[in-house]
Amino acid sequence: MHWFELFFGAMLVNNIVLARFLGVCPFLGVSSRMGTARGMGLAVIFVITLASSMTWLVYYGILEPLGITYLSTMAFILVIAAVVQFVEIVMKKLWPALYRSLGIFLPLITTNCAVLGVAVLNVREGFGFVESLVHSVGTASGFMLALILFAGLRERMAEAAHDVPEALRGLPLSLVTAGLMALAFMGFQGIF
Amino acid sequence: MESLLYPMIALGGLGLAFGLLLSFASRKFAVPVDPKVAAVRALLPGANCGACGFEGCDIYAENVAAGKAETNRCPVGGGELAAALAAVMGTEAEVQEKKVASVRCRTSCERGIEAYIYQGIRDCRKATVLPGGGPNACSYSCLGFGTCIPACAFGALSVQDGVIVVDRHLCVGCGKCVEACPRGVLEMIPVSQPVRLACNNADKGVQVREVCPEGCIGCGLCAKVCEAKAIEMRNNLPVIDGSLCVGCGKCVEKCPVKAIVVTPAGEEKTGAGGE
């Protein structure tokens, strides 16, 4: 039950986009088409899982023994950037098919604040290694869920663009929709 | 001193380790790139319109360089580009004539007959699922809601008086709009074709008369007067072969409903007033 709560708590109750408001930039940027939203979601799950396990190792292996945990944010940025770069290079050589399907999203995610946010949250909550992995996958799945729901809504809205008042077309309506989605996700509050 | 030393060693060490790892990886896992890919990509227009059938210019360049795709698939660059690409690849260019989109309808909502008043979503794809295929009495006509407009990456389409109009200067001939139109009103014609058909109604004359004053009634006069044998009647509509048409303009004169119109290319040939 603990793992269940951890996973779905991170995915639905504390949704990274709609409850914590991290990673809003890619949420608005790549949600205009369902295909790109799916690609981005998968890439985020992949990178967050990898980056959070690496940052956990760096935090408890290097920073804490030396008593310099105040440097965690800086060290995490370094680790995430390096890991994503490394994975991109290796993947291009060994799994070209996977590299092509994730495409441009991999380097984009390097500077995504959701990735850094998960790493910091893992440490702040005092999670163990496996706990932080489950929490990371849950959070990333929540990001993908929000992204795909939003992309579906935006595709519908693009078809009905003629009926939208001119001042609200495009980004304004997207922001209103995102706000309403965040309200809807508040309904998950308190179920665990 | 320790409070200064440890952070420096830890972060500096991390940075150094990652730097070495990355430089090692970029050597070890380097993917050889064909220099032809870059050469081909540099020649392509970079519009990423997808008209070649690939996802974008980068992917098309890779396929051309690998010899998997023909050099003449980019309609934006046209024959010139095909020749340049063929020079890079060391093959003969198969030149392809540039095409433009043509609208097979010209009857606006004001002049045409409406079967009923439509107040739904202003989208052709939504309207075509309704009885009769939309509010227009003619079930072959352009609905004029402009579903094809966002499909055009070059801004060549616009709605004028309820009918789609193609700007021939902006159209690059990618054919995306043809795919987007649920009614099949748009077609691609060679840019040099002197005349074009401006009606899409494949019904018999009487039925066409009931729904549109300007629709092709399928009389076949155009095919009869054409001396170059460029017009053939198929499905109650004339099919114009652009490679045979000499631009004499007889079909335009004879057509009782003026459903065949002169294109800008034809204007030069015949000197007649066109669109």
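Me: In which helix is the place of B:Tyr6?

Reply: This is a predicted model, in which local features need pLDDT of at least 70, side-chain atom pairs count only at pLDDT 80 or more, and totals for chains, interfaces and linings use all residues. Residues are numbered from 1 along each chain as its sequence is written, chains are lettered from A and ligands numbered from 1 in the order in which they are written, and side-chain values use heavy atoms, without hydrogens and water. Helices (H or I, at least four residues) and strands (E, at least two) are DSSP runs, numbered from the N terminus. On that basis B:Tyr6 belongs to chain B, in helix α1.

Me: Is B:Tyr6 buried, partly exposed or exposed?

Reply: Buried means under 20% relative accessible area, exposed means over 50%, and partly exposed lies in between (1.4 Å probe, protein chains only). B:Tyr6 has a relative accessible area of 32%, so B:Tyr6 is partly exposed.

Me: About how much accessible area do A:Leu66, B:Met1, B:Leu5, B:Tyr6 and B:Ile9 have together?

Reply: Patches are made of residues with over 30% relative accessible area and no salt bridge; like charges are joined within 9 Å, and nonpolar side chains (Val, Leu, Ile, Met, Phe, Trp, Tyr) within 5 Å. Accessible areas come from the Shrake-Rupley method with a 1.4 Å probe, and for residues only the protein chains shown count as cover. The largest share of this nonpolar patch, three residues, comes from helix α1 (residues 2–28) of chain B. Together the five named residues form a nonpolar patch on the surface with an accessible area of about 490 Å².

Me: About how much area do chain A and chain B bury between them?

Reply: Buried area is the accessible area (1.4 Å probe) that two parts lose on being put together, summed over both. Contact means heavy atoms within 4.5 Å, and 22 residues of chain A are in contact with 21 residues of chain B. Carbon and sulfur atoms hold 80% of the buried area, which comes to about 2000 Å².

Me: How many salt bridges does the rule find across the interface of chain A and chain B?

Reply: A salt bridge is a side-chain nitrogen of Lys or Arg within 4 Å of a carboxyl oxygen of Asp or Glu. Over all chains, a search of the whole structure finds five salt bridges. Across the interface of chain A and chain B the number is zero.

Me: With which residue does B:Arg104 form a salt bridge?

Reply: B:Arg104 is buried, with a relative accessible area of 14%. In the salt bridge of B:Arg104, the closest N and O atoms are 3.2 Å apart, and the partner is B:Glu187. B:Arg104 lies in the loop between β1 and α5 (124–127) of chain B, so the pair ties together parts 83 residues apart in sequence, the other part being strand β4 of chain B with B:Glu187.

Me: How far apart are the closest N and O atoms of B:Glu227 and B:Lys250?

Reply: B:Glu227 is exposed at 60% relative accessible area, whereas B:Lys250 is partly exposed at 32%. The two form a salt bridge, and the distance between their closest N and O atoms is 2.6 Å.

Me: What positive phi does B:Asn235 have?

Reply: Most residues other than glycine have a negative phi, and most peptide bonds are trans. B:Asn235 is found in the loop between β6 (231–234) and β7 (237–240) of chain B. Although B:Asn235 is not a glycine, its phi is positive, at about 55°.

Me: With which residues is A:Ser53 in contact, leaving aside its neighbours within four places in sequence?

Reply: A:Ser53 sits in helix α3 (residues 34–66) of chain A. A:Ser53 has a relative accessible area of 14% and is buried. Apart from neighbours within four places in sequence, its contacts are A:Phe129 and A:Leu133.
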